[in-house]
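I opened my notebook and went looking through this structure step by step. Come along and follow the entries with the model in view.

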Amino acid sequence: MISFTVTAVAFGVVFLAELPDKTALAGLVLGTRYRASYVFAGVAAAFALHVALAVAAGSVLTLLPQQIVQALTGVLFLGGAAVLLMKKDEDEEEIRKPENQSFWKVSGAGFMLILVAEFGDLTQIMTANLAARYDDPLSVGIGAVLALWSVAAIGILGGKALMRRVPLRLITKVAALVMLALGVWSLWEAISG
C-alpha cells in the first residue's frame, strides 16, 4: 500500500533539493537546443534508475536497529543541509551537442548527462535516507522519481522563466531548512527513542 504522506514528504524534499542542482540547469540547456520530449525521455530514464538504486540502498539500512538508522539519517540530512547552505552558485555547463536531432541521439545525451552527473548526488543520498527512515521504499521511490521528473520538466520547458521569478538562493535556502528540520527531528527520535 502506498502512503500518500510518505510520497508527499519524499516529493517535497527531493523537489526542493533538486531545483538548484546543476542537472536542472543542464536540462534547461538541453531543452533550449533540442526537442523537449526527446530530452525528457532520456533524463526521466536516468532519474528512474538513480531512484531505484537509492531506494535499494535505503532499504538495506532498514535492517539496522531503528535508533541507529534514525541517528544516521539525521546526520546525513544535516550534512545535506550544510552542503546546500555552503553551495556556491553554479554556472551552466556547456553541453556537447549531438550530431543530429534523432530521438536516440538526443535522449541518449540526456540520459548519459544525468546518469553521470547525479551518481552519488545529494538527492540520491536523500532518497536513500528517506527509504531507510520510513521503511516504505515504494512510496519514497514514487515521490522521489515524480519530484525529479517534475524538476526536469520545469527545467526543460520553463526553467528560464522560473529562475527569473524565484531566486535560486531562496530555493536553496528553503531546501536546506527542510533538510535541517528533518535532520534534527531524526536525531531527536534517535535520542528520545
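**Entry 1: aromatic pairs**

I started in helix H1 (residues 4-18), where phenylalanine 11 and phenylalanine 15 both lie, four residues apart, about one turn of the helix. A reminder to myself: this is a predicted model.

I then asked how many aromatic pairs there are by the ring rule. The count comes to three. In one of them, the ring centres of phenylalanine 11 and phenylalanine 15 are 5.5 Å apart with planes at 15 degrees, so I noted this pair as stacked. Planes under 30 degrees apart count as stacked.

Are these two residues buried or exposed? Phenylalanine 11 has 29% relative accessibility, so it counts as partly exposed. Phenylalanine 15 counts as buried because its relative accessibility is 18%, and the cut-off for buried is under 20%.

Next I looked up tyrosine 38 and phenylalanine 103. Their ring centres lie 5.2 Å apart and their planes stand at 85 degrees, so this pair is edge-to-face. I liked that the pair links distant parts of the chain: tyrosine 38 belongs to helix H3 (residues 36-61) and phenylalanine 103 to helix H5 (residues 103-118), 65 residues apart. Phenylalanine 103 is partly exposed, at a relative accessible area of 30%. I also found that Tyr38, Phe103 and Trp104 make up one aromatic cluster.

**Entry 2: a charge over rings**

Which rings have the charged end of arginine 133 over them? I found the ring of tyrosine 134, with the charged end 5.4 Å from its centre. The charged end of arginine 133 also sits over the ring of tryptophan 185, 4.3 Å from that ring's centre.

**Entry 3: the core**

I turned to the inside with a general idea in mind: in soluble globular proteins, nonpolar side chains tend to be buried together. Here the largest nonpolar core has 31 residues. Among those with the most contacts inside it, I wrote down Val14, Phe47, Leu130 and Val140. H1, H3, H5, helix H6 (122-134) and helix H7 (137-165) each supply at least two residues of this core. Which helix gives the most to the core? I found that H7 does, with eight residues.

**Entry 4: the surface**

Last, I checked the outside. Leu64, Ile68, Leu72, Leu76 and Ile125 form a nonpolar patch on the surface, and together they have about 380 Å² of accessible area. Helix H4 (residues 66-86) gives the most to this patch, with three residues. Leucine 76 is partly exposed, at a relative accessible area of 34%.

Technical notes:
Residues numbered from 1 in each chain as written. Predicted model: local features only at pLDDT ≥ 70, side-chain atom pairs only at ≥ 80, totals over all residues. Heavy atoms only, no water. Patch = residues over 30% accessible without salt bridge, like charges linked within 9 Å, V, L, I, M, F, W, Y side chains within 5 Å. Areas by Shrake-Rupley, 256 points an atom, 1.4 Å probe, with all protein chains shown as cover. Salt bridge = Lys/Arg side-chain N within 4 Å of Asp/Glu carboxyl O. Buried < 20%, exposed > 50% of the residue type's maximum accessible area, 1.4 Å probe, protein only. Phe/Tyr/Trp six-rings, centres within 6.5 Å; stacked < 30°, edge-to-face > 60°. Lys NZ or Arg CZ within 6 Å of the ring centre and 35° of its normal. Core = buried A, V, L, I, M, F, W, Y, C linked by side-chain atoms within 4.5 Å.
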